[in-house]
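User: Could you walk me through a few spots in this structure?
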Amino acid sequence: TCASCHNGTTATGKSPQHTATSASCDSCHVTSNWTQVNVDHSGFSGNCASCHNGTGATGKSPQHIASNSSCELCHVTSGWAQVRMDHTAVSGSCASCHNGTTATGKSPQHIASTNTCEDCHATSNWTQVNVDHTGVTGNCASCHNGTGATGKSAQHIASSMSCELCHVPSSWTQVRMDHTAVSGTCASCHNGSTAAGKSPQHIASTNICESCHVTSNWTQVNVDHTAVTGTCNGCHNGTTASGKSGNHVQTTAQCEVCHSTLAWLPASFDHGNAAGVCTSCHNGTTATGMNSGHFITNQQCDSCHNTSGWATIRFTHSSGNYPGDHRSSVTCRNCHQSNSQTPTWRNSAYQPDCAGCHAGDYETGPHKKVKDGAKYTVSELRNCAGSCHTYTDSSMTTIDKTRNNEHRTNGGF
């Protein structure tokens, strides 16, 4: 064998610079030409770079992938071109190799993206992908179509929108809803499970959401009252919705007694539940008041009018402001000769007694005093009804029996 002579004594042996190996000389060298070498790497005990350093043997070429790995991490000694890539020590970018020439690049089916490979792929497992959507240039559905990546689930809201209108690439579950292209009803999502439904404080109603709400602004509401099942003041209580204003007619009636759900005005007023006096509303501002030709009076409207019909008028004089009891024989104009509740007294000095009108009708002859025969004056008998007479018609025909003894000698009237 070579080593039987080339042992450093008999003949030159391995130099100190020789590649570290346990192989025999003839494993690599031929006897016809010492420098003609066919290296058998199987007996090498050193690392590749101890020889493949660009001096002892070829080292990494300028086109080699930027890496601080030792040769043997990727190459095998039996075939230099047979490579098992260990990407852990690769110092260049993926695309410096995965460019379609040196190594496989993006396939035609790859997601349209400006990302670098390492933004999404891991070197330990090419198929292990954590997608960074920030550099994706195509729309979501170009990948999220149920084939390239998961698409809309069977439980997804019925919609014709593209994914990016609602979803953001940084967080799939972070959603800003664009309702414009939602094709299902509101309740198909706003059911209390998929999305918030009617709150316990919501108006009692059988309406669907879109009857009142608009998709562009949930708080912008145009209430459709037709399906509201509660009473008006269940909502119109001054908190949930506007209630009775401070100048509202005083009433205990529910809103719907007077108002309709189609329009707040005009109102059909039911006076049966009105709590205030008539003029608190009928003052010419809140509601119609006395017109310019109305009888001048400080009486309340309901002294003459009734709430079922404004034109039906009746007035009953109470005792104390109506002298005597003239019944139907006396018309209003007999006393009220002007357009005023204040009567026109013929003899104002005697108002409000009978003599205020009848002083001129007084006859002194029959009105004698029993004791001395003197005549009663008009002033003394100014209240005919309180003295002797009662009135059943326009003539004085009946003597008050309680005063008859005083007039017994006069023979009656």
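Predicted model: local features only at pLDDT ≥ 70, side-chain atom pairs only at ≥ 80, totals over all residues.

User: Okay, let's begin with Asn115; where does it sit?
Analyst: Asn115 lies in the loop that runs between strand S4, residues 79-83, and helix H2, residues 117-120.

User: Is Asn115 buried or exposed there?
Analyst: Asn115 counts as buried, because its relative accessibility is 10% and the cut-off for buried is under 20%.

User: Which residues does Asn115 touch, leaving out those up to four places away in sequence?
Analyst: With those set aside, Asn115 touches Lys106, Asp132, Thr134, Gly135 and Val136. For Asp132 there is a further detail, in that its backbone oxygen lies 3.3 Å from a polar atom of the Asn115 side chain.

User: And what does the side chain of Asn115 make a polar contact with, side chain to side chain?
Analyst: The partner is the side chain of Ser113, at 2.4 Å.

User: How far is Asn115 from Phe269, C-alpha to C-alpha?
Analyst: Those two C-alpha atoms are separated by 72 Å, and the residues are 154 places apart along the chain.

User: Switching to His52, where is that one?
Analyst: His52 is found in the loop between strand S2, residues 33-37, and strand S3, residues 75-76. With a relative accessibility of 18%, His52 counts as buried, since the cut-off is under 20%.

User: What's in contact with His52, apart from neighbours within four places in sequence?
Analyst: His52 is in contact with His41, Ala57, Thr58, Gly59 and Trp80 once those neighbours are left aside. As for Thr58, its backbone oxygen lies 2.7 Å from a polar atom of the His52 side chain.

User: New topic: how many cavities of 30 Å³ or more does the structure hold?
Analyst: The structure holds one cavity of 30 Å³ or more, and the volume of the largest cavity is about 30 Å³.

User: Which residues line the largest cavity?
Analyst: The lining consists of His87, Cys94, Glu118, His121, Ala122, Thr123 and Trp126. Sorted by class, that lining has three nonpolar, three polar and one charged residues.

User: Last one: in what sense do S9 and S10 pair?
Analyst: Strand S9, residues 213-214, and strand S10, residues 217-221, pair in the antiparallel sense over two bridges. They form a hairpin, with two residues between the strands.

User: And which residue in S10 is the bridge partner of His213?
Analyst: The bridge partner of His213 in S10 is Val221.

Key:
Residues numbered from 1 in each chain as written. Heavy atoms only, no water. Helix = DSSP H or I, 4+ residues; strand = E, 2+ residues; numbered from the N terminus. Buried < 20%, exposed > 50% of the residue type's maximum accessible area, 1.4 Å probe, protein only. Contact = heavy atoms within 4.5 Å. Polar contact = N/O pair within 3.5 Å; in protein donor to acceptor, adjacent residues only side chain to side chain. 1 Å grid on protein atoms, 1.4 Å probe; cavity = no way out; pocket = protein on both sides within 12 Å on 5 of 7 lines; lining within 4 Å. Points joined across faces, edges and corners; volume = space filled by probe spheres on them. Nonpolar A, V, L, I, M, F, W, Y, C, P; charged D, E, K, R; others polar. Pairing = 2+ DSSP bridges.
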